[in-house]
Structures are given as structure tokens and as C-alpha cells.
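The following exercises are to be worked with the sequence and the coordinates at hand. Each task is followed by a stepwise solution.

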Amino acid sequence: MAQIFHPSMNTLSKVSVFGAVFMVLAALWLGGWIQRSPYVTAVSVPREQPVPFSHEHHAAGLGIDCRYCHTSVMDSAFAGIPSTKTCMTCHSQIWKTADALAPVRASWATGVPIRWKRVHDLPDFVYFHHGIHVRNGIGCSTCHGRVNSMPLTWKTETLYMEWCLECHRQPEKFLRPRDRVLDMDWRPPADQIVLGRGLVERLGIAKERLSDCSTCHR
Amino acid sequence: MDDARLDSTAPRRTRLFGCGEGRIWRSLDELAETEEFAAFIRREFPDQAEVWQDPLSRREFLALMAASFGVAGLTGCTRAPDSEIVPYVDPPEQVVPGQALRFATAMPLSGYGRGVLVESHLGRPTKIEGNPDHPASLGATDAILQASILTLYDPDRAKEVLRRGGTSTWGQFVGEVRQSVATFRQRGGRGLRFLTETVTSPTLTRQLRSLLEILPAARWHHYEPITQDSRREASRKAFGRPVNTIYHFDRAARILSLDADFLSVGPASLRAARQFIDARRVRAPLEPPAAGQSASALSMNRLYVIESSPSITGAMADHRLAVRSERVERLAREIAARLGVPIARSETAWTPAEERWIAALVADLRAHPGESVIVPGDFQSTAVHVIAHALNERLGSTALTHVESPEPLATGQLESLSELVREMRAGEVDTLVLLGGNPVLTAPADLDFAEALSRVNLRVHHSLYYDETSFLCHWHVPDTHYLETWSDVCAFDGTVSIIQPLIAPLYGGKSPHQILDLLLDRPETDAGEALREEWRARRGGGGSFDEFWRTALRQGVVAESTLPPVSVRVDPAALEGTAPPASPAGADIEVIFRPDPAIWDGRFANNGWLQELPRPLTKLTWDNAALVSPRTARALGVENERVVDLELRGRTVRAPVWVLPGHPDGSVTLHLGYGRERAGRVGNATEKRGGFNAYRLRTSDAMASGVGLIVRPRAERYRLACTQLHQMLEGPAEDLVHVETIQQFSARAARPLEPSAEARRSMYPEVDTSRGHQWALQIDINACVGCNACVVACQAENNIPVVGKEQVLNAREMHWLRIDTYHAGDPEEQPDTYFEPVPCMHCEKAPCEFVCPVGATTHSSEGLNEMTYNRCVGTRYCSNNCPYKVRRFNFLQYSDLDTPSLQLGRNPDVTVRSRGVMEKCTYCVQRIQRARVDLEELAAARGDAASPQQQLEIHRRMDDRLAALEPACAQACPTRAITFGDLNWKTASGAVSAVKALQMQPHSYALLAELNTQPRTRYLARLVHPNPDLVDPLSWKPGGGREEHPGER
């Protein structure tokens, strides 16, 4: 009786059974890779804004303190972005007729707010509190990168939960003294772990509390 | 399943006699041990209706599930949608996004105000809390105050000025009014009438009085359905002038209530509840007395209640007598006469039970002369009030004071309305301006207000909703809600509060002040400015006005506006007059009209939170019913949900019956405010819900009660959504509600109610709870009066949706906190009632945590049982495993995500849950988080502090911050029945936290402790203080417990 299957089928079936495991793993790996790629996370991808605001010019060049615009970053859950009035405190005097600043002047004149495109956003089921992070010694650059060197604004971190947990499980790796929080050039020193543990102790941070679900999700 | 739940026509089984032996029960079915009850106990949702109508074959089901499983998880792999971030253009001062602001204002109800603090997020009020500085609030709120925020955002509120039903504008209204003003002035106001509700606002009073000076022929009438006429008339009769009586329950050791529901009704009810419970709160000292010292005696006050309809006050009574309304006056006369008041008795044959009751009461009052107080009820006759005043004077009671009434009008409201209707019918009224109120619905039926109204040439109605009265008026002007208006109001003791807005009028409403300013021909100004100027003029000179104004707005009270006490004596002539004749034997059935505990007189009918709130004693939602006692129901041949025709003086109304154990025999209670046609989408009565309109039976001679009701049972039934049997705990009720007398408690001394926690071992891993905060809650059943303030507070704070009557019938109501009501004693002979609030227990060994397949419910390191909505897939295994049945599942999309105005009122700190997600009480974790941010800051500062004094000072600030941290339920409670705190905390002075101290009390216990779930939510037993002449305190059992004297306590 004629064989239904060609002998090459033997090889094919062995390869596909053996390979199926790899195929599935490869598919999963691909999924994870895509998920962490800038296409999904928008890391290093500047978003087009109504006004091409340059942090590099304002923060580094002019030396304006972060908190001049982001007023509630130390106290409130929401860091705050500047109102049109804040922009106009300077731009009613300088660059008064610049084309790039036309939307700001229009907003001030009409009372319609500027609709910025949000760069750092967390899902609605995450309740993040800026104030407690900043006060405990997480610097701006730890999460937002070196903003003072960005001509336009982009994310430098994925802001995924796995990334948050890196610090929440081991805060001593990332804490800095409170007076260095605004320092964009700060790098963890060689003895960061020791210093970090000291800070955790002094601030009374309960590490097991940081991994509780209700810390962020409620 | 057919709802023959409570079948009181079934022959009395012998088991029912066993209920005098301390047995606690939830329903008559439980006592009769019917099969229906067993079904309710076994299944959490016994009445499960099929939601999905189309049949699904097994093959299709497996195919769909396989496909879903294959792509499951891919929902996580999405790009976040691009969103915008929009700042202010010119930010308002003090508004910090992410932080809430609080403003003080007051809510007027029945004319009197109660101060509140309102939490506002980004300019939107989201939560109402009590104002600790206001005498009528003392930091607490009730259900109506909590729910008033929903009325602000009600999309069914009137949004535009209407002229003869067609859209108009405020400008056009202004134009017409200004034209008419000249005509009015020419005629001296002839034919112009104003009808308001009860008014105590100094500004409104002044405006109306100015108007009446300019237009001397105009008249100002007042009416609202809960008239309180007997109180006013009695004070005039007894004291010669209108005087308000203020009761000080903190000075009363013996209280007699003559049909007065003072714990839940009235402008001073929050204060009354607090003072009353303060005098009953029992705390055993934590340390035994030192050698040579005797233990300090524990004391409680004693409350006697005579009532004609079951109420919360009756439930808290140590001795209760439920009688027909007309009997209350006879009892009052008898008691007064025996105590030496020169009053005519009425010839009445007392039953042996009543005779013993009266004798014991009289002896008790005589033994405590200065510290006894008699409180007459608003729904009783003038004579009862006069008798109460005379009795209080005779006893020399120090527990009450009198103040001049802040109300400007002295006439009775029924008289005022009747006169107005007479004039309207005679054609003497040309223009009628109705400021608030809904008389077409609420006026006594025999006056036929609607017909009289049709004879008025120009009718202007100013109200919050386009209601029954607006429909018959020419002009309708939308009113402002108290949260969006400038005004002022007096509290029960005359303390004035400025009402300030938290948001600009959402729907372009106007306040009554603005309408009156129009009529006074004043130019239109900013409402806030106008009020400020009004007060500047009222205050005159002396000191900085700005400072005065700022302080008044900040505190919520105007300094030194409390009326001073006046001393009055009862005019002996007031006591003259014949007693009512003896009631004929076998009298007709009496009808009792009462405001609904939740929607009041019907004005809150469109408030979903209040409609869905299970009423304290009946546990009914969405409907009213004809409440009868079990004996009367049997005599009439009716049972639960049977529809009957109620006829009174030729007017008929159709109503379903509800059997309420504890209701007096021979009478029927009807709650007002239902059966409306123009309340809004929530409040309008349909075939399936909304109740019946009891106002149609109410006549001027039967405003509170009337005799001669004819009840005719019909064949059909009407489903009533009652939550009494929902989420019942399986276990003997005597272990769920511990009740004992104060003497039994003292005798038991330090023996706790249950074995200590250490004695129980668990196979689940132990957790170290010695470090960090460990949150716990203690609920004092002795203090809970069942007012439901906590339930609505929780709903407001946590964005809990309203599900509607059909879903409530399926036991799917979403309240995270429920009040379980238990009874004890013979259901036909006035059983006792106990209230037990049940939130999530936050068990240390939580059965729900172990069974979640996706880890959506976990245990935090601080003892909270957490709920993570984004992980929940809706298996509902957790709810299945919960023995307390505190978990609520969103079977359908209950939260209204579309209506824009409702989006404004939600608390932004709490997730709005979608369909398919489990939710439950979180101990208000959002508040805990806010507190922890502050506490961590303070802890760091304490660590850095230079000196021990500084450390101590910071420690004290931490104590304060912790004391201010309480979940919404604890904050709302008028009697402070709920205590929250950290078990591990030690205050600056070394004391343990309040909640820890309570957990160590000998009468502290946990629900279903034998299941070893080790709940963090514990209870304190209820204590009662019966009169030893009536019952032996040491052998007392719940329900009275003595066989030889059934029917009395």
C-alpha cells in the first residue's frame, strides 16, 4: 500500500514538534520586546506640542528652578504644569512677538487653556503621589531623565510597573539626600547602597509597605 | 421564586413562643423556619433572575471560550492612548490640583440650618462632612445631608426659566417683573401673595418684611407638609409667645418621649443623638481599681418611648410602648396627673401592661426630678406639647432651655395655607409667588390647592425641580441648590450660618434673594456682594467688618449669634380644657402619616442614593408601603406585598402592605413623598416602583393621624424591594448581636465575651503585626441608632453606584456598608430592635484572599484587605468565600459613565468601577494614603528633631493627624459609634490608641469568631438599662425574657 506521507514528513514533524516550543517562546519574547520598544512605550520619542517648549533653554540655559513652573511637586499628588499666566510672567516682556509663542498669547487673551500633549502619563488605575516621592529623596532625573538637556520633552523611562517595582523593592539603590533632588547631574555614588540604607532608616520608610498593592492601586 | 416571604396569615406555630427566651431573629420567616428563609440563608442570590436571554449551546460556548482564552492577555499589550494635559490660564488662588479644599456652609431643611464642611476638588464639591464648630452638627451629618450633594448634580433639576411650559430667559422674567412692580406699588400690593416654606433666614425675612412695608396689602404665607404647628401653637398657649425648646440630653438621666423621634427628626437631631448616646456610652476601666478603691459604677441614662409608629428612637428605648396615636395624649394626661400636674384625665381603661408601665415610669420620674425630661413629638396634638411643658416644669427639669423662636411668622402653617386657599378660591389673589415648596403635591387633599391655584391670574414658582406645582404655574424660575448659592440660615438655637457657594450655579439658577431684590426694584448685583452688604448693614459699626465676615465664612457660624436662653413659665390657663372622650371599643383603623426617613416629604424623591437607602426599620427601598403590625395584618387578612385599597373620608389610594413587627395594632403608617408624577426620572412613580401618593389621603383634620381608615384587600400583589434578608450571616443571631443589661455587664466584670486571640491557632502563615501601622475599626452597637448616615457617607466618598429596584430585588445593591437589623422578643408584642453596621471585616486570615485566581485581593502589611480593580476578572470566588457577605460585585455596568453632571460629583481619589469587577469597603484607603504622606513627613521631622521637647511636640502633631484620619462612615456618624485607628500607635503621653482601648473592652467581640478569620473590624455589645420594677436586670434576656408578662417590657 502506498505511503500517505512522504519520508520528509518525518523530519518535518520532528522539527515542528521540537521547534514548536521554541516558536511559542519566540512569539512570547517578541511580544515582550515589542511591548518594551519605543513604539509602545514612547521612550525617547518627543511629542509634538502646541508650543515647542525647550527645557534645555529654560532650566539649564536660564537657570529657572523646576518648581517655578511645577509648583505643587513637593506637596501634592499632581506635580503641576504651568498655567498660561506663569508663561506670561516672562513672555509678556520678552519674546513678546515670537511666532512660536503665539498660542500662549492667544490663550492669555481668550482665556482658553493651552492643550499640551501629555508626555508622562500613568493609567487611570494607578494613583501616583509626586510629593511623597520628592520629599523622600527621589530626584527628578531618576524618573524623568536629564530634562535640563532636552530641547523638546520625551520620556526616558517606560514607567511600567516592573520599572516602578525596581525601586519600590530596593529603594536604597535610588534614594538621594533631599537637598540633591533637583540636581540633574547627580549620579549614585560608589557607596550608594550604604547611604541609601541610611536614608531609608532615617526616613522611616517601611519597605514591605512599598510592595503593598494599595500603595498605588485603590 | 414567589415572594410569600412573610406569611403572617399562617397559623402561629408553637416555635414562636420560644422567641421570648433571648432568641434574636431577622424576620418572621426565620421564626417560622420556612423553606424560603432557608433558601435565603443558603444562597447569596436566591432570587437570581436570568440576565442573558438568548440561549447559548455548549458547542458555541466552548468555541468562544477557546478563542477568548487564546487571545487572553493581549489586552495588556496596547499602546496607551495619547492624552492631553490642560493647565489653567489664570489659576484661582489656593487651588492646588491633587489637594482638596474645605469650605464651611450650611444646609437648610424645614427652615433650620445644619452646618457642614464641604470638600472641594478643583472647584467641584464632592463630599459633605459635618462642621465640628456648628451646634447642630458637632462634626456629624445624617443621610439627607450626605446625599444632598447628589441633588446638586442631578441632571433632572430645572435648568431654564420656563414661561407657560416654553423656554424663556431670566432676562425676560426680569423685564416682566419690573413692569409689574409699578402696578403692585400703585395698588399697595393688593392681590399679591407670597407662599414660602419655613423661613429662618435673616436676609430673606428682612427682604420680605421690607417688601410688605412697601406693599401693605400683600401677604406672606408659609406652609410645608411637615408643619410642626402643634409645637408652635403649644408654645404660644403655654408661654404666651413663640419659643423654641432646646433639650440637653447630656443633663438627662431619665427621658420620656411622647411620640417624639428626637434621635433622627428635627433640626437638633444630630446633637440630640450625640448627647443621648454620650450618656449611655459604657467603658469599663482598663485597669482594675487600686487596692482600697471600689470600682466606679457604670451609669447609663434610661429612655422610655411611647410611640405611634416604629422609629429609631423607639428602637433605642429601654422601655417602649407602641400605641395608637390618639392614645398618646391620654397616656400623657395620666402620667402628668399622677405627677401632680393639674390636668384633666381622660377616662381610659388601661391594660395591665400599660398600668405597670405607667406606674414604673411615674415612680422613676419622681425619683429623678431635676434630671428627667419629657419630649413631645411634632406629630402629636398641641395638648401633648402643653402637657410636656407642664411636666418638665413640674419636675424642675434642668435638661432643657428655651429661646425665642427665630421664625418670623407666628401663625400656624395649616392655618396660613387654608387662609391663602380661601382667598384664592374667592378670586382675591391676583399674583401668587411661590418661593420653594410644592403645595400642589403636599397641601391637604381637602383644600384642593390645584383648583384654587387655577383662579390666580399670575403664578410664579421658584423651585429646584419642575415639579407638580411648576406644571400649573405661568412662570418657573430654577432655584439654586444650597451648595451654589449665597444665603444665611438659623440653627435650632438661633446660631446663624452664612451659606456660601462652592460652585457657580450649574444650571443658571437664581436664589430667592435675587427674586425678591427684583420685586424690591433693586438693581441686579452679584449675590455674594448683596449678602455682604446686607450683613454690613445688620451689624452696624464696631470692629472690622472684613474680619468678622472672614471669620463667619471660615468657621461656618456667625459669632455670638446664638440666642440667649429665656426663662418661661407655663400659663396655668393652658392646662384647662376637657380631656378627649374615651375612645369607643373596637375602634376603626387609624392612619398615621409620617415623612419618609430618607426622602423626607418627597422633595428628595429624585435622589437615587436616598431612594435606594434601606429604611432603618422596614429595610424597604424604592417604595413606600402600608405598614401594619402582624396582628392587624392577620385581622385584615393581608400579608406582605398584598395590594390593598385604603379609603379615608371618601378618598382612595392603592398601596402594598408591609408587615412590621413592633407596629402598634389597629393602625397603618403611610410614608409621604412617593407616587409622584413630576419628580424626575428617578423619583417618578411607574407601575413597578415609586410607591403611592399618601398625600391624596391626607386632609386638614388628619395631618399627622386620622381615624376611620378602611382597608380593602385586593387580589394582586406588588413586589417590594426589601434588603432585610440580603447577605445574611449564617449563624445564631445571639452570637452576632450581643445584648445585655448594664447590671449583667457589671456583674460579668472583666470576663471577655470571647476567648482571646492567642488561644486560636491557624494553619495559615502568621504575619508579624508588631511593626508599622495596623489599622482596625471598632463599631459600638450600643451607640448605633440605625440612622444610615454612614451608609450614604460611604456611597458619597467611594463613588458607589445606584442599581435600581430590579437589581435590589436580586440582592445586588452595592452599598459597601450595610446596617443589619435584628429583633428579639415576640413579634406580636413589640419586639426589641438592634442595629449592626457591617463593613468589610478586613480579616487577618481573610478567606477571600486565598481563593482569588489572579491575585486581585491581597493583604497589605498594615492589615488592610486590599482590592485591586484592574486585576479582577470577575470569578466572584472571593465573594463566595466571604462568610460576612460584604463583597459587592458589579454584575452590570451600574456606574453611570455618560451623564456629564454626575461625572463632576465623583471623588477623584477613588476609582469608578466598571462592570465585572468586585468591590468592597477599603477602610477608605484613599484617606489612609493621604494621612500616611503627612505622617511620613512628620516622622522624618521627628527623626531630625534637635531636642526631646521638639520630638514630643512633633509626636503630638502626629497624634492629631491620626485622630483626624477616619473613614467616611466614622466621620459621618452622629453618635461616634465607629472608631478607627492604629492598633500599634502610642500617643505622646504613652496611651494606646482609641481603637486599641476599645478592642480591649470586655464587651468587645467579633462576628463569626469561631471561623477564625481574625477580623480587624470588631464590635462592642449593646447595653440596655431596664427599670427593675418592670424587669429583673440580672436575668434579662433580649426580648424581655419573661413568659408570665408577654406584651410588655
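## Conventions and domains

Chain A is assigned domain 1 (10–41), domain 2 (55–81 + 118–216) and domain 3 (84–115), the bounds coming from an automatic or database domain assignment. The model is predicted, so local features need pLDDT of at least 70 and side-chain atom pairs count only at pLDDT 80 or more, while totals for chains, interfaces and linings use all residues. Residues are numbered from 1 along each chain as its sequence is written, chains are lettered from A and ligands numbered from 1 in the order in which they are written, and side-chain values use heavy atoms, with hydrogens and water left out.

## Exercise 1: confidence

Task. State the mean pLDDT of chain A and of chain B, and locate the stretches of chain B where pLDDT is below 50.

Solution. 
- Step 1. pLDDT is the predictor's confidence in each residue, from 0 to 100.
- Step 2. Chain A has a mean pLDDT of 93, with 100% of its residues at 70 or more. Within chain A, the lowest confidence is found in helix α2 (residues 38–41), at a mean of 89, and the highest in α6(A), at 96.
- Step 3. For chain B the average is 90, and 92% of the residues score at least 70. Residues 1–19 of chain B have a pLDDT below 50, and this stretch has 49 contacts in the model beyond near neighbours in sequence. Residues 1041–1049 of chain B also stay under 50, with 21 contacts beyond four places in sequence; contact means heavy atoms within 4.5 Å.
- Step 4. Where pLDDT is low, the predicted coordinates should not be read in detail.
- Step 5. The scores of the model are ipTM 0.91 and pTM 0.93.

## Exercise 2: a helix pair in chain A

Task. Describe how helix α5 and helix α6 of chain A pack.

Solution. 
- Step 1. Helices are DSSP runs (H or I, at least four residues), strands likewise (E, at least two), numbered from the N terminus.
- Step 2. Two packed helices are described by the angle between their axes and the distance between the axes.
- Step 3. Axes are lines fitted to C-alpha atoms, for helices over the stretch in contact, and angles run from 0 to 180 degrees between N-to-C directions. Helix α5 (residues 84–91) and helix α6 (residues 102–110) of chain A pack at about 115 degrees, their axes being 10 Å apart.
- Step 4. From α5(A), A:Thr84, A:Lys85, A:Cys87 and A:Met88 make the contact, and from α6(A), A:Val104, A:Arg105, A:Ser107 and A:Trp108.

## Exercise 3: the nonpolar cores

Task. Which residues touch the most other members of the largest nonpolar core, and which helix gives it the largest share?

Solution. 
- Step 1. A nonpolar core is a set of buried Ala, Val, Leu, Ile, Met, Phe, Trp, Tyr and Cys residues joined through side-chain atoms within 4.5 Å. Buried means under 20% relative accessible area, exposed over 50%, and partly exposed in between (1.4 Å probe, protein chains only).
- Step 2. The largest core has 175 residues, and B:Leu646 and B:Leu670 touch the most other members.
- Step 3. Helix α4 (residues 143–152) of chain B supplies the largest share of this core, seven residues. Ten of the ten residues of α4(B) are buried, so the helix is largely enclosed by the rest of the structure.

## Exercise 4: individual residues of chain B

Task. Is B:Val737 buried or exposed, and is B:Leu1034 buried or exposed? Which residues have a positive phi without being glycine?

Solution. 
- Step 1. B:Val737, in the loop between α22 (733–736) and β29 (739–741), is buried at a relative accessible area of 1%. Among its contacts beyond four places in sequence are B:Ile24 and B:Tyr1005.
- Step 2. B:Leu1034, in the segment after β40 (1022–1024), is exposed at 54%. Outside four places in sequence, B:Leu1034 touches B:Gln743, B:Gln744 and B:Ala747.
- Step 3. B:Asp521 has a positive phi of about 60 degrees and is partly exposed, at 41%. B:Trp622 has a phi near 65 degrees and is buried, at 5%.
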